[in-house]
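Visitor: I am new here. Could you show me the model and take a few questions?

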Amino acid sequence: MRRRKEHEGALTDRTPIRVRFSEVDAMQVVWHGEYIRYFEDGREAFGRRYGIGYHDLVHAGYLVPIVELNVYFKQSLQFEETATVETRYIPCDAAKIQFEYTIYRDSDQAVMATGASVQVFMDKDTRQLELNNPEFYIQWKKQWNIL
């Protein structure tokens, strides 16, 4: 996935996080894999806020596996630091959900990591990939003036 510029006007959610002891590695900084978990926290909060959470998707008959994920590490968070995960929905015409993420350290607003993910739609029962936007997703985009 190519790096993209921040998209203005996209739906955005800001989720607070606090670094727990179990997230720190032997170097006393957040283990690199935890940043992916922070992105997940951001996606879950985004879904709750905008009505497109995992329960909403399953209720509509779809699973949404991640097929692409990138993380760019800038600086390291440490135990007990607080940060904010900014999750931005990136509109596109294809049958997929795209997000970009920025993790900011709260104390100085320094960018700690950035990233992006792509999820696709699969029929919950048949596990077949959906090549067209599901009707509920089209309606969701209309609700938020994304079409």
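This is a predicted model: local features need pLDDT of at least 70, side-chain atom pairs count only at pLDDT 80 or more; totals for chains, interfaces and linings use all residues.

Guide: Residues are numbered from 1 along each chain as its sequence is written, and side-chain values use heavy atoms, with hydrogens and water left out.

Visitor: How many salt bridges are there?
Guide: Side chains of opposite charge can pair when their charged atoms come close. A salt bridge here is a side-chain nitrogen of Lys or Arg within 4 Å of a carboxyl oxygen of Asp or Glu. By this rule, the count is 9.

Visitor: How many residues apart in sequence are the parts that E86 and R14 tie together?
Guide: E86 and R14 meet in a salt bridge, 2.9 Å from N to O. E86 lies in strand β4 (residues 82-90) and R14 in strand β1 (residues 12-18); strands are DSSP runs of E, at least two residues, and helices are runs of H or I, at least four, numbered from the N terminus. So the parts tied together are apart in sequence by 72 residues.

Visitor: Is E34 buried or exposed?
Guide: E34 forms a salt bridge with R37 at 2.7 Å, N to O. Buried means under 20% relative accessible area, exposed over 50%, partly exposed in between (1.4 Å probe, protein chains only). E34 has 7% relative accessibility, so E34 counts as buried.

Visitor: Which helix holds E34 and R37?
Guide: The two residues are 3 apart, about one helical turn. Their helix covers residues 34-50 and is α1.
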